[in-house]
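Student: I would like to learn how to read a structure feature by feature, with the general idea before the particular case. Where should we begin?

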Amino acid sequence: MKYISTRNKENFASWGQAIINGISKDGGLFVPESIPKISNIKSLLNMDYRELAYEVMNKFFVDFDKDSLRNSIDKAYDEKFSKKEIAPLVEAGDLHYLELFHGATFAFKDMALSVLPYLLKEAIKYTGEEKEIVILTATSGDTGKAALENFADVEGIKIIVFFPEDGVSNIQKRQMLTQEGDNTFVVSINGDFDDAQSGVKKIMNDNRFIELLENRDYKLSSANSINIGRLVPQIVYYFYSYLNLLKEGKIKEDEKINFVVPTGNFGNILAAFYAKEMGLPINKLICASNENNVLTDFINTGTYDKRRKLILTSSPSMDILVSSNLERFLFHLSGGDDKLIKNAMESLEKEGKYEVEGLDQEDFKGYFSTEEEITSSINEVFMEHNYLMDPHTAVAHSAYKKYKLETKDNTKTVIVSTASPFKFGTKVSNSIGIDTKDKDDFSIIEKLGEMGNLDIPNAILELKDKKIAHKNNCNKEDMEKMVLRILEIGDNR
Ligand SMILES: N[C@@H](CCOP(=O)(O)O)C(=O)O
């Protein structure tokens, strides 16, 4: 199977090149030339997470050596995950929560980033790439730590993470700044997530910079969801949760279900779209945003307009105005119209907006949640069902309530639960009535654990005494210089 660029179908890559490059040289994103199908979903019923991951990923990476793929999956989804199911489905009231935060860094990013290092290593073998890989990552909190943790000490790979100095939670920041591993580098930037993400994309498309690095035997790659190697593993848990409902007799064969996905960069919900296209019976995909509601507006009007101020919210992983993966979605929806995508992306770059007409977005619904609504969702679900949600999951819960009110749809619904409440202790605590005034992050978390009757993960408790290992900071304009400094390359251009 070939991977083609959303901005020029003539630019294509093998799975290995697509994973190593992360992004196409024309600035587009790699997509599979056709989305593979799984015709007999029921035949997957008794598979565990690893077996299912193999079935799904093998469809996308067809000429990946089969044993190596199985091996990569087995090594990725092991005891790093604290639940044997890897992605448990928890029932609370009439909803099911697909918990994707039981990996090493307590956010859904572990679902793909625990396997990406293995995929990348295999891609290096497959393509014969000889340069040292330098992974650039932009993060608003969760991706950064998951990428650092999973790539730490991987031979032949360096990882540099850029995060907005004031745009992540205290725990997320501490998780990143205390990261060990000689190949890991963390840089806070004086700017927001969009600055970090556009800075990384700019670097990855700067031919002179790439040449400078290549002359020093470095090759750039990405651990963000612009990399197709991030998206394919995320498709698995949509199948897994559906099959769980089926196995438990909660739905009948072929019965359609809804997923509500809190999303900023549109990667998680795009993975759900791929699952649907592969044949998973999905009714509606409900796209949940926080007050940075560009996606809600786009789904409701067909106009994508980033000309607004980025709002710092209690769900920082979604504080994004340029949602990268929408580009892939539009490409598929338009039947692969690369000209349309190129024009739309140019218009976004130059004018800050684009419009698309006549694309059938029927399967998607979009809603956003305010801070007050997030608070009341966390409170309501805790008081009624004793279930504690993090603010991102609460965004999804609150979006679902609006959907339900508007449509009266009774389809069985899964809320995609993307992070542990302990990463966002203050907001969650305040929402359930814990007084956090003058308390430090760790005493807040302890109280939250008590109230919620939940074990606090050791890796979170240990953050308190861990040494700060990274102190780099730069202006958003100086990200290239920072990369050169980290790689100890002089710039004589
Ligand atoms: N949600 C983000 C922003 C980057 O998203 P990604 O899925 O493209 O890596 C984060 O947690 O950093």
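Tutor: Let us begin with burial, for which a residue is called buried if 20 or more other C-beta atoms, placed from the backbone, lie within 10 Å of its own, exposed if 12 or fewer do, and partly exposed in between. Arg328 has 25 C-beta neighbours inside 10 Å, and therefore counts as buried. Before we go on, note that this is a predicted model, in which local features need pLDDT of at least 70 and side-chain atom pairs count only at pLDDT 80 or more, whereas totals for chains, interfaces and linings use all residues. Residues are numbered from 1 along each chain as its sequence is written.

Student: In which helix is Arg328 found, and with which residues is it in contact beyond its sequence neighbours?

Tutor: Helices (H or I, at least four residues) and strands (E, at least two) are DSSP runs numbered from the N terminus, and Arg328 is found in helix 13, residues 326–333. Two residues are in contact if their C-beta atoms, placed from the backbone, lie within 7 Å; leaving aside neighbours within four places in sequence, Arg328 is in contact with Thr6, Leu29, Val31 and Leu270. Distance can also be taken C-alpha to C-alpha, and in this way Arg328 and Ala275, which are 53 residues apart in sequence, are 14 Å apart in space.

Student: How many helices and strands does the protein chain have, and what is its radius of gyration?

Tutor: The protein chain has 20 helices and 16 strands. The radius of gyration, taken over C-alpha atoms, is compared with a globule rule of 2.2 Å times the number of residues to the power 0.38; for this chain it is 21 Å, close to the 23 Å that the rule gives for 493 residues, so the chain is as compact as a globular protein of that length. Of those 493 residues, 53% count as buried, and among contacts between residues at least 6 apart in sequence, 74% join residues at least 24 apart.

Student: Which residues does UniProt assign to domains?

Tutor: Such positions are given in the numbering used here with shortened feature names, and the annotations may be inferred rather than shown by experiment. In an unreviewed entry, UniProt places "domain: Threonine synthase N-terminal" at residues 2–77, where the chain is 39% helix and 16% strand and the end C-alpha atoms are 27 Å apart. The UniProt annotation "domain: Tryptophan synthase beta chain-like PALP", also from an unreviewed entry, covers residues 99–418, where the chain is 47% helix and 18% strand and the end C-alpha atoms are 7 Å apart.

Student: Which residue does UniProt list as "modified residue: N6-(pyridoxal phosphate)lysine", and is that residue buried or exposed?

Tutor: UniProt lists Lys109, again in an unreviewed entry. Lys109 is found in helix 4, residues 109–113, and because it has 33 C-beta neighbours inside 10 Å it counts as buried. Setting aside neighbours within four places in sequence, Lys109 is in contact with Asp142, Thr143 and Ala146.

Student: Which residues come nearest to the ligand?

Tutor: A residue is near a molecule if its C-beta atom, placed from the backbone, lies within 6 Å of it. Of the 13 residues around the ligand, Thr139, Asp142, Thr143, Ser225 and Ser317 come nearest, and helix 6 (residues 142–151) supplies the largest share of the shell, three residues.

Student: How do I check a helix, taking helix 15 as the case, and which of its residues are buried?

Tutor: The expected span is 1.5 Å times one less than the number of residues; the 15 residues of helix 15 (residues 371–385) should therefore span 21 Å, which agrees with end C-alpha atoms 21 Å apart. In helix 15, Glu373, Ile374, Thr375, Ser377, Ile378, Val381 and Phe382 are buried, and their cover includes strand 4 (89–92), helix 16 (391–407) and helix 17 (425–431).

Student: What should I look for in the backbone angle phi?

Tutor: Most residues other than glycine have a negative phi. Helix 15 is followed by Asn386, whose phi is positive, near 55 degrees. Lys408, in the loop between helix 16 and strand 15 (413–417), has a positive phi near 60 degrees, and with 7 C-beta neighbours inside 10 Å Lys408 counts as exposed.
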